[in-house]
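Thanks for sending this one over. Below are my notes as numbered points, to be read with the structure open beside you.

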Amino acid sequence: MLRRPARDLTRTFTRTFASSSSSAPRVSIERAADGVATVTLGRPEKLNSLDIDMFRAIRSAAVELAEDKGVRAVVVHGSGRAFCAGLDVKSINNPLHARANGRELLDRPDGAISNLAQDVCYLWRRVPAPVIAATHGVCLGGGFQIALGADMRIATPGCKFSLMEAKWGIIPDMGATVVLPELVPKDVATELIMTGRIFDGEEALQLGLVTRLAEEPLAEARRLASEIAARSPDSTAAVKRLLDATYCEADDRRKLHLETALQRRLLGGWNQLASAARGLGAPPLLQPSFAARSDEWLAEADAEAEAEVRAMLDGGEVEVRGDEVSEACA
């Protein structure tokens with residue numbers, strides 16, 4: 001008999017990541033009972049601009065949420081008048097710390113795919129749950145790249161966007177090259193990056209850089225997150241992995257094989273059966289609750305899945321052995 005997992009219907013938990021030089025938290029995470037985690041950038045007096053402590057705090061928040069199987073969806077937003085105004089150039093380039101800051105931001109630890117500067121964008125892609133950015137005010141430079149790292153973006157019509165690194169004679173180096181090809185054609189990305197021009201939420205929607213517009217983007221993002229959180233956490237994690245792995249991939253064989261492999265991992269699992277029960281109209285009292293997300297969707301499993309796909313493309317095929325998907329050489 002299926003046993004319903006216990007869940008807390010009332011508790012809300014808030015965790016903060018403080019600055020090394022201030023008692024005020026740079027980032028906070030509030031976890032709601034429905035599994036939605038709200039990440040708040042907490043430097044409103046500086047329009048949530050990115051000093052070294054903010055970089056560290058965002059990375060820590062993303063890493064923590066990626067490892068939390070109870071998180072069903074994530075909303076990222078900025079406190080105060082803006083989402084994020086980008087790099088705090090004065091702080092990062094402070095003569096007393098500029099060299100150390102540059103090394104910390106740009107050096108890549110052995111075996112890591114991204115450095116600290118890129119982590120604040122790229123690591124949201126490593127969170128198995130969907131991540132929704134709610135933007136208002138300004139969303140500029142590095143702040144825009146943080147939002148681009150989310151799976152969806154909801155913005156006010158008047159929110160100001162820019163990939164403004166051209167202003168400083170540099171290039172976007174915080175993950176934009178990974179995410180932009182999924183959203184806009186090369187010529188659009190080229191124009192935006194080379195000009196560094198500022199555009200509003202209306203144009204961002206037309207370009208495909210935001211998902212939708214809302215006068216209250218945080219409320220709309222939370223509503224959408226709650227809707228997704230009511231679905232199977234395994235299926236949402238599988239969708240995210242599938243689309244991240246294949247959306248800009250031209251190899252149809254790889255896409256189709258990966259669809260099958262991920263589908264086999266889902267079929268027959270607790271959360272798939274719970275979804276089926278709801279879809280079939282089982283009475284509420286007989287509907288099993290969803291369990292925490294499977295360990296299959298952690299970063300380690302992601303690496304194993306990628307290795308399986310690469311081996312499969314070299315001549316193997318995916319088959320089911322028990323509850324696992326393994327490589328079988330042809």
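1. Is Arg-125 buried or exposed? Arg-125 is buried, with a relative accessible area of 14% (buried means under 20% relative accessible area, exposed over 50%, partly exposed in between, with a 1.4 Å probe and protein chains only). Arg-125 is found in the loop between α4 and β5 (131-135). Leaving aside neighbours within four places in sequence, Arg-125 is in contact with Gly-149, Val-178, Val-179, Glu-182, Lys-240 and Asp-244, where contact means heavy atoms within 4.5 Å.

2. A word on provenance before going further. This is a predicted model, in which local features need pLDDT of at least 70 and side-chain atom pairs count only at pLDDT 80 or more, while totals for chains, interfaces and linings use all residues. Residues are numbered from 1 along each chain as its sequence is written, and side-chain values use heavy atoms, with hydrogens and water left out.

3. Now the overall picture. The protein chain has 13 helices and twelve strands; helices (H or I, at least four residues) and strands (E, at least two) are DSSP runs, numbered from the N terminus. Of the 330 residues of the protein chain, 47% count as buried. Among the contacts in the protein chain with a separation of 6 or more, 65% come from residues 24 or more positions apart.

4. How do α1 and α3 pack, in angle and axis distance? Helix α1 (residues 52-66) and helix α3 (residues 98-106) pack at an angle of about 20 degrees, and their axes are 11 Å apart. That makes α1 roughly parallel to α3 (angles under 35 degrees count as roughly parallel, over 145 as roughly antiparallel, 65 to 115 as roughly perpendicular and the rest as oblique). For the geometry, axes are lines fitted to C-alpha atoms, for helices over the stretch in contact, and angles run from 0 to 180 degrees between N-to-C directions. The crossing of α1 past α3 is left-handed, meaning that the near helix is turned anticlockwise from the far one by less than a right angle; clockwise would be right-handed.

5. From α1, Ile-52, Phe-55 and Arg-56 meet Asn-101, Glu-104 and Leu-105 of α3. By class, the contact of α1 with α3 has three nonpolar, one polar and two charged residues. Here Ala, Val, Leu, Ile, Met, Phe, Trp, Tyr, Cys and Pro count as nonpolar, Asp, Glu, Lys and Arg as charged, and the others, Gly among them, as polar.

6. How many disulfides are there? The count comes to zero disulfides, a disulfide being a pair of cysteine sulfur atoms within 2.5 Å. The sulfur of Cys-84 is 7.2 Å from the closest cysteine sulfur, in Cys-139, which is too far for a bond. Cys-159 is in no disulfide either, and the nearest cysteine sulfur, that of Cys-139, is 5.3 Å away. Cys-84 counts as buried at 0% relative accessibility, and Cys-159 counts as buried at 0% too.

7. Leu-47 has a positive phi of about 55 degrees although it is not a glycine. Asn-48, found in the loop between β3 and α1, has a positive phi of about 60 degrees and is not a glycine. Leu-47 is partly exposed, with a relative accessible area of 25%, whereas Asn-48 is buried at 0%.

8. Which residues does Met-152 touch? Not counting residues up to four places away in sequence, Met-152 touches Pro-130, Val-131, Ile-132, Ala-133, Thr-211, Leu-224 and Ile-228. Met-152 lies in strand β7 (residues 152-155) and counts as buried at 18% relative accessibility.

9. Finally, Leu-163 lies in the loop between β8 (160-162) and α6 (176-179) and counts as buried at 1% relative accessibility. Beyond neighbours within four places in sequence, Leu-163 is in contact with several residues, including Phe-144, Leu-148, Leu-180 and Ile-193. The C-alpha atoms of Leu-163 and Thr-195, 32 residues apart along the chain, are separated by 8.5 Å.
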